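Me: I would like a close look at a single part of this model, described with some care and at some length. Here it is.

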Amino acid sequence: MAGTLQFDLVSPERRLASFAATEVQVPGTDGDMTAMEGHAPTITTLRPGILRAQGPSGVQAYAVTGGFAEINATSISVLAEKAVAVEELTGTVLDEFIAEARELVSVALPEDKDMAERTLNDMLALRASAGH
Amino acid sequence: MPSLKDLKNRIGSVKNTRKITKAMQMVAAAKLRRAQEAAEAARPFAERMTAVMTGLAGSVGSSESAPRLLAGTGSDKVQLLVVMTAERGLCGGFNSSIVRLARAHAAKLLAEGKTVKILTVGKKGREQLRRDLGQHFIGHVDLSEVKRMGYPVAQGIARDVLDRFDKGEFDVATIFFARFQSVISQIPTAQQVIPAVFEGEGEVSSLYDYEPSEEGVLADLLPRGVATQIFTALLENGASEQGARMSAMDNATRNAGDMINRLTIQYNRSRQAAITKELIEIISGAEAL
């Protein structure tokens with residue numbers, strides 16, 4: 001039995017999840033990473049994507065938009081701007097995300113344009129992977 | 001001397017007022033509980049956010065490449081005041097105390113020869129500030145359509161503020177709101193959000209690896225930090241408003257009760273006097289015969 005680490009998922013409005021997980025897969029800006037017990041202390045920003053946590057009651061998956069994750073040897077806290085459990089993730093919720101990202105692209109300043117477009121693409125990828 | 005009928009009407013109307021204030025007090029109490037829960041639920045996020053940012057700011061803040069949101073524009077000529085008040089009145093001194101603080105702040109800045117710009121959130125503050133500071137208004141956020149104070153609302157305000165900052169419209173931004181202490185005490189607070197200020201030393205952040213990089217993480221976090229601070233302020237304000245309204249309405253209910261007692265005594269006295277007067281008239285009439 002592998003060791004566990006305390007997994008917390010908080011959005012600005014409430015705490016979504018808090019349990020002991022054996023591994024947590026995080027969609028980092030520079031690529032996905034999986035955190036397990038004893039991970040080196042890391043802080044990474046998130047891109048929109050799916051976060052998976054292996055908990056006592058199976059794998060819990062959440063769709064998250066931007067934010068960041070703070071990982072250390074015994075715990076991982078994910079602070080997501082928006083987080084939705086995958087079961088509740090419907091086409092309409094995704095459409096809202098995408099519409100928001102589109103809007104961001106249209107209003108972004110030139111130097112932020114790349115970033116905004118990347119976010120939009122991530123959103124579209126998220127949609128494709130969710131199979132809606 | 002008001003007639004008996006007048007007194008009776010008066011008592012009736014005060015009783016109605018008491019019913020209304022009592023109902024408002026109970027509604028405020030229910031809303032206060034919800035507002036407090038919301039503020040409570042938002043706390044973990046804000047706390048983690050501040051902790052991480054404080055740590056980062058400590059290590060990146062002094063370097064040349066520090067983002068403008070942290071280091072500032074190098075000037076403090078143009079000041080933005082974001083004044084957050086309620087959409088409704090009848091909540092005691094809640095709106096006025098925030099406005100008073102903002103007004104004092106603005107007066108001080110103007111006396112120092114700085115340019116003041118004001119963004120109002122909530123109708124009441126706008127109305128109160130319009131007369132003497134109306135020419136400094138640059139915008140207004142209407143919350144009357146907002147049923148539930150959610151994060152997107154704060155994001156909207158933050159985006160507006162950040163856009164203006166990027167366009168160089170101001171150098172320093174301060175938000176004004178009332179921090180919720182208890183039902184009877186709400187503290188008007190001014191908090192500087194841009195450039196970001198952090199209290200004390202953060203935890204030693206060099207322990208952490210940063211992805212993509214310290215600067216990258218910080219640049220990503222700072223705008224979110226502004227939104228989080230605004231969100232916290234909005235929630236605190238919401239709880240404060242309901243708390244203030246609750247105690248104001250409690251006072252009003254009590255005052256109405258006192259007034260009813262006083263009026264009832266006066267009513268009984270004059271009724272008694274009228275009866276006595278009539279009796280005297282009858283008796284002296286009989287004696288005269």
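In which order do the five strands of the open sheet in chain B follow one another, and what is the pairing?

Reply: The model is a predicted one, and what follows should be read with that in mind. In chain B, the open sheet is built from five strands in the order β3-β2-β1-β4-β5, with mixed pairing. Its edges are formed by β3 (137-141) and β5 (185-194) of chain B, each of which pairs on one side only. On average, and with direction ignored, neighbouring strands of this sheet are turned by 25° against each other.

Helix α5 of chain B, made of residues 151-166, lies across β1, β2, β3, β4 (172-182) and β5 of chain B, and runs at about 160° to β3(B).

A further strand of chain B, β6 (residues 209-211), takes part in pairing between the chains: β5(A) and β6(B) pair in the parallel sense over three bridges, with A:Thr42 standing opposite B:Asp209. In the contact between the chains, which takes 21 residues from chain A and 23 residues from chain B, β5(A) gives the most to the side of chain A that touches chain B, namely four residues.

How values were computed. Residues are numbered from 1 along each chain as its sequence is written. Chains are lettered from A and ligands numbered from 1 in the order in which they are written. This is a predicted model: local features need pLDDT of at least 70, side-chain atom pairs count only at pLDDT 80 or more; totals for chains, interfaces and linings use all residues. Two strands pair if DSSP finds at least two bridges between them. Helices (H or I, at least four residues) and strands (E, at least two) are DSSP runs, numbered from the N terminus. Axes are lines fitted to C-alpha atoms, for helices over the stretch in contact, and angles run from 0 to 180 degrees between N-to-C directions. Two residues are in contact if their C-beta atoms, placed from the backbone, lie within 7 Å.
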